[in-house]
Amino acid sequence: MALENESDTFDIGGETTVHRLGFGAMRLTGEDIIGRPDDEAEAHRVLHEAVSLGVDLIDTADSYGPCVSERLIGEALHPYPDKLVVATKGGLLRNDDGDWIPNGDPNYLRNAIMGSLDRLRTDSIDLYQHHRPDPDVPFEDSVHALAELKDEGKIEHVGLSNVDVEQLDAARDIVDVATVQNRYNVADREHEDVLEACEDAGIGFIPWYPIGAGDLDDEADALDEVAEAHDASRRQIALAWLLHRSPVVLPIPGTSSVDHLRSNVEASTIDLSDDELAKLD
């Protein structure tokens, strides 16, 4: 039987249906997420393979490269297949040292989205996420800018990233929030309260770092025990756990390897028992 994405679906913003297991395109760039990859043709191949496996949510950001990941997606996949959702983010700058510098200035966000539209070769971003609150800019001002861009048709759905529950509530007073993207995995549950708030509101929760770059030592024994029972890897069980954790969770594991991509998608076929979930919890 051919491998395909068997994860359940979720309606982003209550209307845009995607499979819950997506693909994160950060790793398609050069070393340390700066510059071009050594093999751009291989990056294109990974993107095409993801779509062929039934992945219909691809997540990126203008700061990945910077600009490289978005450009690769536009080159490889435009014109986009029906029902493919390309999500991107704005609000972080990069420098030569690889620092991630927040910039939530409304004028900057307006400028940033124009660049994203161009690189992704589209007139409207399916899901545009504010990448990180800027401590030097009122959070509400940044969200108002995205709400205005949504009203103008440049954004279909607004998302947030790296926020707490208070910030989520503040944003929801301004605009319909479709998704939240925070760091979360089986060994790092600091944002459990944000996930629960999303679950209560029917908001998609996109866990970044979903397999902890392989660093899952705090849960290693339980993961290995469950993995052995399924003839699977520790990382596959970590992804399967996320898919079981809540119907609003949308994991986006990233890779620059077709083989690793296929391994990630295979995690969507793993059915964990209640006892196995209890071990991991």
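## Nonpolar core

A nonpolar core is a set of buried Ala, Val, Leu, Ile, Met, Phe, Trp, Tyr and Cys residues joined through side-chain atoms within 4.5 Å; buried means under 20% relative accessible area, exposed over 50%, and partly exposed in between (1.4 Å probe, protein chains only). In this predicted model, local features need pLDDT of at least 70, side-chain atom pairs count only at pLDDT 80 or more, and totals for chains, interfaces and linings use all residues. Residues are numbered from 1 along each chain as its sequence is written, and side-chain values use heavy atoms, with hydrogens and water left out.

The largest nonpolar core has 81 residues, of which F23 and L272 touch the most other members. Leaving aside residues up to four places away in sequence, F23 touches, among them, V46, L57, I252 and L261.

## Helices α3 and α4

Helices here are DSSP runs (H or I, at least four residues), as are strands (E, at least two), numbered from the N terminus. Helix α3 (residues 106–120) packs against helix α4 (residues 139–151) at about 40°, with axes 9 Å apart. Axes are lines fitted to C-alpha atoms, for helices over the stretch in contact, and angles run from 0 to 180 degrees between N-to-C directions.

## Loops

The loop between α2 (68–77) and β5 (85–90) holds P79, and a cis peptide bond with omega of about 0° joins H78 and P79. K83 is in the loop between α2 and β5; K83 is not a glycine, but has a positive phi of about 75°. At 71% relative accessibility, K83 counts as exposed.

Note on methods:
Contact means heavy atoms within 4.5 Å.
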